[in-house]
Structures are given as structure tokens and as C-alpha cells.
Amino acid sequence: MDNKRYQPIQPNQRTVIVDILRGWALLGVVLMNYYDFFTLGRNWETFKPDAFTNIAMYIISIVFAAKSWTLLSVLFGYGFAVLMNNVKGKGHNPYGFFAGRMFWLLVLAVINSALFFGDILKDYAVLGFLMLCFYKSSAKTTFRLSIVLLVALPAIVGYVGSLKDTGWIQMEKQFPLYHSNNLIDVFWFGLKGTYFAQMMSKPYLYAVHVAMFICFLWGFTLYKINFFDDFSTKIKQVKRVFWISLSVTVFLTAFFMVTQKLGWAFLTYYRMRYWLIFATMLTIGSGICWLYISGKLKSFFASLAVFGKMTLTNYMTQNLIGLLVFSGFGLGFWNTKPIWFYLLLAILVYTIQVYFSRWWLSKYNYGPVEWVWRQLSYRKSLPLTRLKD
């Protein structure tokens, strides 16, 4: 077969804004994942945060909490459509190829779960199989389905909230494994923690996966309407998304403040917090798009873009570094440091990864994990080193 069929997408063919959004989302992911270790096992009844800690926690909750994985989910849905189209154009069976690709992503997810109990790859792999049912759907079909699920989601969250759930409690009982200086114990904590906190925890198992799938459908719809094509000409559409989502964010924030004081009982059964998460995520995402089209912050966006080209490698590396810093096998810092330590560490790791990604991609076609995943997907040995001009 012609090796050109297996070559990476050329720089002039990549959708730069998608790489930028991936890079931004991964910044939020590392911040939130390391922040988790500040919160895990902490006695919140006796903990008295200072002013800086309160401000930092407030900003994190607004800007990053659940906003990063929802944005990544939108981009996954978009990437699914791009990949299926490209694979079909190369003469492969898109269904078989993508199914195989999701299988190998699930294998990588098991490895990543051992590193960090909050793995998201397994969710993408499993829901990715479901996306195959919508490969030939129109933009109207996928968008309408997303709206149906969006309306149903608060009821699902409310129902799940009424059920007895011991998943997270069981996960907390595994903490001694993570404090162990035995690496096998630490890996075992990651796997058991993933099982209890995500696969057995009803809020995650049901509500989070529905929310993810809504985002997948949105990303797929964006591809179908060619939203990112000729993106520099889409400033009006981007501004419209920004102002609408910002208005919804402000309205819902005020609505929740008022209803909390009024104590409206129906919100116990119809919990709309994901609506606020989605609206905030879309506000931030469209704001980044607006700045990019306007030609602002070029160096910053260039760093995000190069990071976004190695999303999988950088994500798993972040989790490996976290294990070496927080577990008993590593430095054992866990929840022993002030909040600034976790945030500063995340930013430092991210910055180093930006420079590493830039260096690596100057010499190689793919990130190392992306290269392995691509070879497994195509079942073919592919060149890693870039060809010299």
C-alpha cells in the first residue's frame, strides 16, 4: 500500500483553533487533577482556608471545574467526524478502523487509570463506540438529539441524587494503597479508585456520561456545519455564540442564587447545574476563538496549539508526574501542601510540556503515545522521524 495513506495530517491541513482549544482544555485538566490532591482526604469541617485559598478555589470552580473535560468532549466529537472522513478517504472501512482505535484507547485507559484514578480515556473509548451509530447522521439529527438529552439531563441528575451511592466512600477506603511506598499498591489504588469513583459511582456513571455524550454530539455537529472551516471569516458566528452563552451563564448564576434563598423544592428533582457548566464552557471556548480570530495573544495561542498536537502524550505524562509527586512511592505530598503549590506545580509541568512538545514535533511526526496508538490502529509500522526538507 502507498505509505502516503498513513502520513500525519500536514500542518497546512490542520485546524489550528482545534489544537488551541485542546491545549487550553489540557491546561484546565492538569490544574484540576493536581487540585484534586489538595482536596482528597481533607477534613473540610476543621479546615479553615485563608483568603488566598478561598479566592483560588472560587476561580477554579468558575473557570476550570468540569469546563475542561466538557470542552475536550466537544473536540472529541469533532475529531471523531474528521477521523472517520479521513479514514474513508484513505480507502479503509471507517467503522472497523474506529472500533479498533477505540479498543486500543481502552487499553491505554487501563494504563492511565493505574497512574491516576480520574482517567477520562475509558469514557471516550466506550462512548466512542456509541458515536459510530451516528456517523452518517445529519447535523440536524445530532443537534436535536443533544437538545433532548440536554433537557433530560437535570432530571437524570436529580434522580441519581436520590439514590444511595457508596462508590466514592469505597474509593476513599483505598487511600492507604496510594500512601504506600510500593509501586504496585499505588497502581492498584489507581485501578480500584477508577472502578469505585467512576464505574460504580452513580453520579459519574449516569450523569457525567450523558453530559459527555451531549458534548460529543455538539462536536460532531460543528464538523457537519463546517464551523471551523475558513475560521477567520466566522467572527460574527463566534461573537454570537459568546454573547448568547455569556448571557445564559449570567442568568443561570443569578437564578441559582435566588432559588437557593427561596428554597425551591423542584430543583431537588430537576438539577440544572450542567446547564451552567455547559454555558460557561461555551463562553470560555468562544472567547478564546474570538481572541484567536482577532489576532490577539499570538505567542500564547502558538504554545497552546503545539501542546494540543500531543494531547494524549501530555495528558498521560501529567498523570505520571502527579503519581511521582503525590503518592507514597514518590514524594508523598498528597494533601499536605497549601493550594498554591498544586496550582504552581500544574503550571510548571504544563510550561515544560509546551517546550518539550515544540522540540519533539520539530523532529518527529507524532507524540510518542500518539505514534504507538496510530500504529496499533493501522496495524502497520509507521515512521516516527520527520523527513528532512
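The model is predicted, so local features need pLDDT of at least 70 and side-chain atom pairs count only at pLDDT 80 or more, while totals for chains, interfaces and linings use all residues. Residues are numbered from 1 along each chain as its sequence is written, and side-chain values use heavy atoms, with hydrogens and water left out.

**Two cavities**

Let's start inside. A cavity is a set of points, on a 1 Å grid over the protein atoms alone, where a 1.4 Å probe fits but cannot get out; its lining residues have an atom within 4 Å of a point. Grid points are joined across faces, edges and corners, and a volume is the space filled by probe spheres set on the points. Searching the whole structure turns up two cavities of 30 Å³ or more.

In the table, Ala, Val, Leu, Ile, Met, Phe, Trp, Tyr, Cys and Pro count as nonpolar, Asp, Glu, Lys and Arg as charged, and the others, Gly among them, as polar.

| Cavity | Volume | Lining by class |
|---|---|---|
| Largest | about 50 Å³ | six nonpolar, two polar, one charged |

Which residues line the largest cavity? They are W24, A25, V63, K67, S68, L71, M281, I284 and G285. Helices here are DSSP runs (H or I, at least four residues), numbered from the N terminus. Three of them, α1 (16-39), α3 (67-89) and α12 (273-293), each give at least two residues to this lining.

Around the second largest cavity you will find N33, Y34, F37, L115, F116, Y178, Q318, N319, G322 and L323. Here α1 and α14 (311-326) are the elements that give two or more residues, and α14 gives the most, with four.

**A closer look at α12**

Just after α12, G295 takes a positive phi of about 80°.

**S180 in its loop**

S180 sits in the loop between α8 (175-179) and α9 (183-199). Is S180 buried or exposed? S180 counts as buried because its relative accessibility is 14%; buried means under 20% relative accessible area, exposed over 50%, and partly exposed in between (1.4 Å probe, protein chains only).

The S180 side chain also makes a polar contact with the side chain of D185, at 2.9 Å. Such a contact is a pair of N or O atoms within 3.5 Å; within protein, one must be able to donate a hydrogen and the other to accept it, and residues adjacent in sequence count only if both atoms are side-chain atoms. Leaving aside neighbours within four places in sequence, S180 is in contact (heavy atoms within 4.5 Å) with D185, V186, G328 and F329.

Definitions and conventions. 1 Å grid on protein atoms, 1.4 Å probe; cavity = no way out; pocket = protein on both sides within 12 Å on 5 of 7 lines; lining within 4 Å.
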